[in-house]
Structures are given as C-alpha cells and as structure tokens.
Amino acid sequence: MSSKYHFVVRRVHSLLGLLPIGLFLAFHLTLNILATNSPERYEKVINTMRGTPGIFVVELVVIFLPILFHAVYGLIVVYGGGVNTLRYQYARNWYYLLQRITGIITLIFVAYHVFTLRVDGATAQATVTALTNFVKTPFGLVFYIVGVLSAIFHFANGLWAFLITWGITIGPRSQKVSTWFCSGVFVILSAVALKTLAQLLA
Amino acid sequence: MSNVIELRIKRQDGPGQPARWESFKIPYRPKLNVISVLMEIQQNPVNAEGNRTTPVVWECNCLEEVCGACSMNINGQARQACTALIDQLKQPIVLEPLRKFPLVRDLMVDRTVMFDSLKKVRAWIPIDGTYDLGPGPRMAEAKRQWAYELSKCMTCGCCAESCPQFNSRSKFIGPAAISQVRLFNAHPTGEMNKHERLEVLLEEGGISDCGNAQNCVRACPKAIPLTTSLADLNRDANKFAVDRWLRK
C-alpha cells in the first residue's frame, strides 16, 4: 500500500466499518426478526427489494464491495499487529485481540453465509427453509451462533474504536462511557440475533 | 522474608548469539532495587550453581526514573530497573531485555529507533534565526498544566514495548513520538510548525496505525495520558487531512 494514501486508506477502512457495513448489519438483523414473526410481511419486503430496478448494482456498490475492501484490508491490518495479552492482561488489550479474531471469523462466516443463502437466488421462503435445516444440525447451530456473535462484537467494538479514530471520544471518561454504549449495542443486537435463531429452531 | 534474593536473568552475549537463562542468589538486604542487585552480580559474578560467569550487562544513568536508560522487562512488565524495588517484587525476579528493540548484550538494548521517531515527527521548536526573533507568544496557564504532563516523557520505550502494533511487521512509530507532536503543537511557538508534524503523522507508521489496545497508557511509568494524546491528534490529523485536500 502506497505511503501517500496510507492515512486515507485506513480512514476509509474505518468509515466503511460503520457506513455502510455496520448499518447494514443492524438492518439485516432487525429484518430477520420479521422473517420469523410474520413470514408474509418478510416475503413482501424481500420481493420488493429484489424487484427494485438496479438492486444488483446497489448490492454490489453499497454492500459487497465495501465488505470486500474492509475484509481484505482488515487482513493486512491483522498481519501488522501482534499478540501480548498474556503479558499485558488488560481488558482493552483482550478486546484488541478479539477484534482481530472476530474479524477473521466474520469473514469466513459471511463468505459461507452469502455463498449458501444469497448467490443461488432462491425464493425468500426457500432460503428460510434452507437456513432452518442448517441450524437444526448441531454444527450449523454452533457455526451460526459463533458467526453472528463475532460479527456483532466486531461491529460494536469497532464502533468504540471508530469514535476514537474520528476524534470524537478523546478523554478516558468519554471512552469509558462509549464502552458502555457499545456494550449496549452488542447486547441488544445479540439478543435480536439469538431470538431469531431460537424462533427458527422452534 | 527469605535471606536471599533470587533472580532469573535472560543472558545473550550479543546480537545473533543464542539466549540462555541464568539464575543468581544474592544475600538479602532491605531497600534494594534491581540496579543495586545487578551491581552485586557485577562485583561477584557467580551464578546460583556457584559457577563463575560473566557480569550481567545493563544500562543505567539517572537512578531516579527520569532518563529511561534502565528500561527492561521485570517479571514480564516493561519498567525502569531503578524504581523496581526488590521488597515489592515477586521472586524469583525475572529480568529480560526489552523485546522490541535490537539487543546489544544481556539486558542492554539499542533504543535508537525511539529517537529517530522524535526526529521524524520534528519534536522540537525551531527558534533559530539570523537575528533575535524576540519573545514568543504567551502560553495559557491551563494549557501549560496539561502540556507539562506530556513533557515528562523520557523516551524510555515502555509504551512501544507494550504496544502490539509496534513490531517488526509494522512501521508504527509508537505512542511516545506521537504524544510529543501534541506537546509541541500545543506550544504557542511550536504551533507555527504544526502542519509539518501532522504531515508526518499521516504517513505509514503514523497515527492511523494505532490499534487502540491502550496498553501504552498503563505501561507508561510517568503516567502520561498517551491515549488522550492519540485521540486528540486523531481529531487534528483528520481536520488537517481534509483541509489540505480541499485546498489542493
């Protein structure tokens, strides 16, 4: 990566994590609740979205390319980092390590998730059935719980770092408050995701 | 309290030489520090097995935690040997050189990279001219008070040692030099060259390579608010980058 664009590339990487990727994650998890609560409305929303002209271009530019860039550059960031959590056992140092681990898990999870549920272009109902069958296997359930929670942790902790990267939370007090806020985001989104999974199993 | 002080020291005769562990037992006296124990070994270089060995090499200067020369890993944590009091340490006391800097011998490392980084970010105030430039602008007292805390940095390297982003695979210059940018940018005369320092921070190895692990602020023996400096300069660097781009 050229030194001239280093700062911009890093900042774009940070920005994409929230906009659009983080926002998309929150939207996606919220919409899933609808799928299990009222399948008809969910089907309608999905069909409306799929029927929108140019949806493929929107998905490519707003979702796929940002995730691809964030993932590939993220791997470069992981390579440049180190691990010293056993010597320096501070919570923030563990979060630093977890951010990298969950990033890699999320990449594997999302790649599998998109490949199996989106690429083949089946109907909304067929997708839900395929997913239900997969999470009813013990491996499928663990894979989804770990994958979804990793993605949510990566987003919530990334949001905490985002606030520092963009110079919003500067002092230790504001960073502590943002830790509580981001923990709240993690808990709420996790509850939504786990509830959806539980309803799929029911 | 036992009547001996037990030490385990990581020895290495030079760069590229094999490392080995050597144990030492020193007669107990109250109120010793790691430096005075190393001096005992220097006077009588006999290891715990009773064999004669080479004296352990280390570096020290001020003996009052203001120079940073005696930084080493003591029981796994980077700190100064002069303020590491034997009576407060768990035994056997494990001494290792800092890992992130090129080794010279035993506990002595070459911290030149720390000083190179200070040069890179232009951590000084240019006041030389061909004529008397006169007095500079006054500094607000409230600002002087927090800036003084940043001036306590002794470039010891503990922050870099504890930082997971500071390693051989990354060009990150570490928290110390970045915090010095905040210090010199806060100074009313130093502020006149603010853009030169921020420009360097935008490069690879600069502020965007911080990973927010926040070990630095805890490892710093002078309690410098390093993470506050980093976040504050994030704000400045972002503003500066956008401004510079829009003026092109």
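Where in chain B is B:Arg122 found, and between which helices does its loop lie?

Author: B:Arg122 is found in the loop between helix H2 (112-120) and helix H3 (141-150) of chain B, where helices (H or I, at least four residues) and strands (E, at least two) are DSSP runs numbered from the N terminus. Residues are numbered from 1 along each chain as its sequence is written, while chains are lettered from A and ligands numbered from 1 in the order in which they are written. This is a predicted model, in which local features need pLDDT of at least 70 and side-chain atom pairs count only at pLDDT 80 or more, whereas totals for chains, interfaces and linings use all residues. The mean pLDDT (the predictor's confidence in each residue, from 0 to 100) of chain B is 97, with 100% of its residues at 70 or more, and the model as a whole scores ipTM 0.95 and pTM 0.95.

The phi of B:Arg122 is near 55°, a positive value in a residue other than glycine. B:Arg122 is partly exposed, with 18 other C-beta atoms within 10 Å; on this scale a residue is buried if 20 or more other C-beta atoms lie within 10 Å of its own, exposed if 12 or fewer, and partly exposed in between, the C-beta atoms being placed from the backbone. B:Lys31, which is not a glycine either, has a positive phi of about 60° and is found in the loop between E2 and H1 of chain B, but B:Lys31 is exposed, with 8 other C-beta atoms within 10 Å.

As for helix H1 (residues 34-43) of chain B, B:Val34, B:Val37, B:Leu38 and B:Ile41 are buried there. Seen down the axis of H1(B), these buried residues fall within an arc of 100°, so they line one face of the helix, the arc being that of the directions from the helix axis to the C-beta atoms. The buried residues pack against strand E1 (4-12), strand E2 (19-27), strand E3 (71-74) and strand E5 (93-96) of chain B, while the face of H1(B) turned away from its buried side carries the exposed residues B:Gln42 and B:Gln43.

E3(B) and E4(B) run antiparallel and are joined by four bridges, where two strands pair if DSSP finds at least two bridges between them. Within this pairing B:Asn73 stands opposite B:Ala78 in E4(B), and the two strands form a hairpin with two residues between them, B:Asn75 in the turn having a positive phi of about 50°. In the loop between E4 and E5 of chain B lies B:Pro92, and the peptide bond from B:Gln91 to B:Pro92 is cis, with omega near -5°.

Chain B is divided into domain 1 (4-109) and domain 2 (112-246), with bounds from an automatic or database domain assignment. Between these domains, 12 residues of domain 1 of chain B are in contact with 13 residues of domain 2 of chain B, contact being counted if the C-beta atoms of two residues, placed from the backbone, lie within 7 Å. The largest share of the side of domain 1 that touches domain 2, three residues, comes from strand E4 (residues 77-80) of chain B.
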